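Let's take a friendly walk through this model together. Have the viewer open and follow along as the residues come up.

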Amino acid sequence: MGRSGKGGGWPYLFLAPAIVLFTLFLAVPIGYTVYLATRRTKVSGLGLGKGARREVSAGLDNFAAALADAELWQGWLRVLGYGVLVLAVMLGLALLFALLLDSARARLARFSRIAIFLPYAVPGVAATLLWGFLYLPSLSPIRAVLDVDLLGPTAVTYSMANVAVWGGTGFNMLVLYTALRAISRDLYEAARLDGASELQIALRVKIPLLVPAIILTTVFSVIATIQVFTEPTTLRPLTNTISSTWSPLMKVYRDAFVTGDLYSAAATSVVIAAISLVLSFGFLRVVRGRAFGEG
């Protein structure tokens with residue numbers, strides 16, 4: 001008892017660096033954002049001179065204004081359509097590639113894994129610029145084949161989704177492929193002895209066992225989709241079809257750094273974070289029985 005009591009502080013000592021970093025770079029910024037969201041600037045007189053502008057409490061007014069902002073909800077609708085497209089194609093391709101690489105007949109599996117994963121290693125801004133120049137009508141070789149303006153109002157969402165799919169499929173494929181490699185090969189041999197084909201093994205053995213990994217990659221992808229910022233912001237100088245509030249995070253950036261309304265931006269950030277948590281944990285609650293074996 002005495003020895004265990006004396007050593008009781010050592011775990012906290014080892015955890016101290018992580019706790020300090022978490023507090024400084026996550027907890028404190030979150031707390032400060034919530035604080036800013038409850039403040040506003042009060043202007044006295046003409047707003048000139050010392051003390052004419054003071055920071056005062058705004059209560060929940062900033063949150064009410066954020067929730068009533070039509071631009072924010074229009075951005076959510078655009079992101080919803082974008083997200084459905086990205087999630088369906090990206091996770092579908094990731095699952096297909098993982099199953100093909102895990103197949104007994106796969107050839108050049110190591111090279112294929114690297115080739116599929118490689119786009120994920122390209123920084124998002126660089127990847128978006130690369131695709132953006134390929135989308136430009138005056139430069140695009142795609143335009144010579146397809147008579148479609150890939151940066152036009154009807155196609156720009158698909159163009160952005162293509163960038164996200166190109167960059168994210170490899171990461172999700174690697175997660176699913178790793179989960180497949182952890183499955184005992186004896187299950188596949190037993191299925192083959194029962195006369196199952198490779199397609200039947202994939203559909204009836206591999207995919208059911210992959211459900212937890214598929215659910216987790218879906219959650220990660222949903223969070224990343226909600227936070228979409230790089231693609232529309234990088235493509236925006238190349239086209240007039242992407243507004244400064246195309247996504248919720250773009251609206252936060254505009255409010256904070258273009259119009260200078262830090263308090264509104266902070267309140268909108270808190271609202272976005274709350275919606276993200278509700279969607280993520282709500283999805284996990286619905287599927288937790290399949291993902292984690294909970295009732």
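Leaving aside neighbours within four places in sequence, which residues is Leu-180 in contact with? They are Ala-98, Leu-99, Asp-102, Arg-185, Tyr-188, Lys-206 and Leu-210, where contact means heavy atoms within 4.5 Å.

A word on the ground rules. This is a predicted model, in which local features need pLDDT of at least 70, side-chain atom pairs count only at pLDDT 80 or more, and totals for chains, interfaces and linings use all residues. Residues are numbered from 1 along each chain as its sequence is written, and side-chain values use heavy atoms, with hydrogens and water left out.

**Overall build**

The chain has 13 helices and two strands; these are DSSP runs numbered from the N terminus, with helices being H or I of at least four residues and strands E of at least two. Its radius of gyration is 25 Å, well over the 19 Å from the globule rule for 295 residues, so the chain is more spread out than a compact globule. That radius is taken over C-alpha atoms, and the rule is 2.2 Å times the number of residues to the power 0.38. Along the principal axes, the C-alpha trace spans about 85 × 80 × 30 Å.

Of the 295 residues, 36% count as buried. Here buried means under 20% relative accessible area, exposed means over 50%, and partly exposed lies in between (1.4 Å probe, protein chains only). Among contacts with a separation of 6 or more, 65% involve residues 24 or more positions apart.

**Two cores**

A nonpolar core is a set of buried Ala, Val, Leu, Ile, Met, Phe, Trp, Tyr and Cys residues joined through side-chain atoms within 4.5 Å. The largest one has 19 residues, and those with the most contacts inside it are Ala-98, Leu-101, Met-173, Leu-176, Leu-180 and Tyr-188. The elements giving two or more residues to this core are α4 (70–101), α5 (109–117), α8 (156–181), α9 (185–193) and α10 (198–226). A second, separate core of 16 residues includes Phe-63, Val-252, Ala-265 and Ala-267.

Leu-176 lies in helix α8. Not counting residues up to four places away in sequence, Leu-176 touches Ala-94, Leu-95, Ala-98, Leu-210, Ala-213, Ile-214 and Thr-217.

**Two loop residues**

Ser-247 sits in the loop between α11 (230–235) and α12. Is Ser-247 buried or exposed? Ser-247 is buried, at a relative accessible area of 0%. Beyond four places in sequence, Ser-247 is in contact with Gly-75, Val-79 and Val-228.

Helix α12 (residues 248–258) has as its buried residues Pro-248, Met-250, Lys-251, Val-252, Arg-254, Asp-255 and Ala-256. After α12 comes Gly-260, with a positive phi near 75°.

Pro-137 belongs to the loop between α6 (124–135) and α7 (142–145). Pro-137 is partly exposed, with a relative accessible area of 41%. Setting aside residues up to four places away, Pro-137 touches Arg-143 and Asp-149.

**Separations in sequence and space**

Here are three C-alpha to C-alpha distances.

| Pair | Apart in sequence | Apart in space |
|---|---|---|
| Pro-137 and Val-163 | 26 residues | 17 Å |
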